[in-house]
Structures are given as C-alpha cells and as structure tokens.
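Work through the exercises below with the sequence and the coordinates at hand. Each task is followed by a solution in steps.

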Amino acid sequence: SKDLRLFEAINDIKRPLTEDDLKDDESCLALDLLWSDPATEKEENKLSTNKLFGPNERGDDVVVFGRKAVDLFMNLTGCTHLIRAHQPPNMGFELAKNARIATVFSSSHYCGSYNSAAVVLVSEGRIRVATTTVNAKQKQIEHSSQDDQSSQDTD
C-alpha cells in the first residue's frame, strides 16, 4: 500500500486558509502546494544529483521541484499525474516532467488582459483538456484600451 501520510497532511490543512496562516508558518505545506513550480530544464540542470528542490525566481518563500521530487511523490502516493495552477502557461495549459505534471490556468481575463485559459476534466481514467484561444481582435481591443487609459492618465 502507498504511504497516505501526505494525503492526510494535505487533508489536515486548516480551511479557509488566510494570508496570516501562511506568514505564521514558513514551513507551511499549503504554501508549498500553492506556489511551488516544476523546474524548467535550465533549473533542473542546476539541481545537484541528490536535490529534489531548488530556488524559485518567483520569491524566496517558494521553490521549484525537479524530476526526482516528482518521482518520489508518485511513488509515495500512487498518483500518476499532478494537476496544478498558479502559473499562467501561454496556451492556458502546459505539460511538464514527462507529461506527469499539468499546469492549468483557468482565467481568460487575468489582470485585465486577454489570455488563453483551460479547464481539465478527470473522468473514467482519462484527463481531458479544453482551452480558449485569444484572437487578434481581442488583443487589439486590449491594446487600444490600454492606450486609451494611458492617455487619460497623462491628461
């Protein structure tokens, strides 16, 4: 049987989680789960042979995880894939670490801009993905809107 302590620890995370909860506990599992990113190839190459994690350019409190961390997680939990968010890929969806890590970004209007977004359905042993695309007209509207706002700011 697989080691279920990790799932128990995740289940024990206090909900709702506040920003103060994250500040009070620097080793907070919730912080690691929310903000850690899969290492890029460049970051992966910087990890020493025994390291599972490395520094993340998004901040001192978060890390990147390498292939070895993914392998360990999959072996300990019996999971075959990990679906995560909090990092907007170009097309709203991105695979990493031999397609075992899926990053999904579901906001198509993030921070006021138009971007691609995706949704994931896991059912009947399959993972299905649907994505939106941003067309040139939306980009032009966004660009014009930003130009209008910039000129208003200087008036």
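**Exercise 1.** Which residue is the bridge partner of alanine 96 in β6?

*Solution.* The model is predicted, so local features need pLDDT of at least 70 and side-chain atom pairs count only at pLDDT 80 or more, while totals for chains, interfaces and linings use all residues. Residues are numbered from 1 along each chain as its sequence is written, and side-chain values use heavy atoms, with hydrogens and water left out.

Step 1: Elements are DSSP runs numbered from the N terminus, helices being H or I of at least four residues and strands E of at least two. Two strands pair if DSSP finds at least two bridges between them.
Step 2: β5 pairs with strand β6 (residues 101–104) over four bridges, in the antiparallel sense.
Step 3: Within β6, isoleucine 101 is the bridge partner of alanine 96.

**Exercise 2.** State the strand order of the open three-stranded sheet and identify its edges.

*Solution.* Step 1: The order is β4-β6-β5, and the pairing is mixed.
Step 2: β4 and β5 each pair on one side only, which makes them the edge strands.
Step 3: On average, neighbouring strands of this sheet are turned by 20° against each other, direction ignored. The axes behind such angles are lines fitted to C-alpha atoms (for helices over the stretch in contact), and angles run from 0 to 180 degrees between N-to-C directions.

**Exercise 3.** Describe the hairpin formed by β7 and β8.

*Solution.* Step 1: Strand β7 (residues 118–123) and strand β8 (residues 126–131) run antiparallel and are joined by six bridges.
Step 2: Valine 119 has alanine 130 of β8 opposite.
Step 3: Two residues lie between the strands, and in the turn glutamate 124 has a positive phi of about 55°.

**Exercise 4.** Characterise the largest pocket by volume and lining.

*Solution.* Step 1: A pocket is an open set of points on a 1 Å grid over the protein atoms alone, where a 1.4 Å probe fits, with protein on both sides within 12 Å along at least five of seven lines; lining residues have an atom within 4 Å of a point.
Step 2: The largest pocket holds about 760 Å³ of space, a volume being the space filled by probe spheres set on the points.
Step 3: Its lining has 29 residues, and Leu29, Asp32, Leu33, Phe73 and Leu82 lie nearest the centre.
Step 4: At least two lining residues come from each of α1 (5–11), α3 (29–35), β3 (59–65), α5 (67–77) and β4 (82–84).
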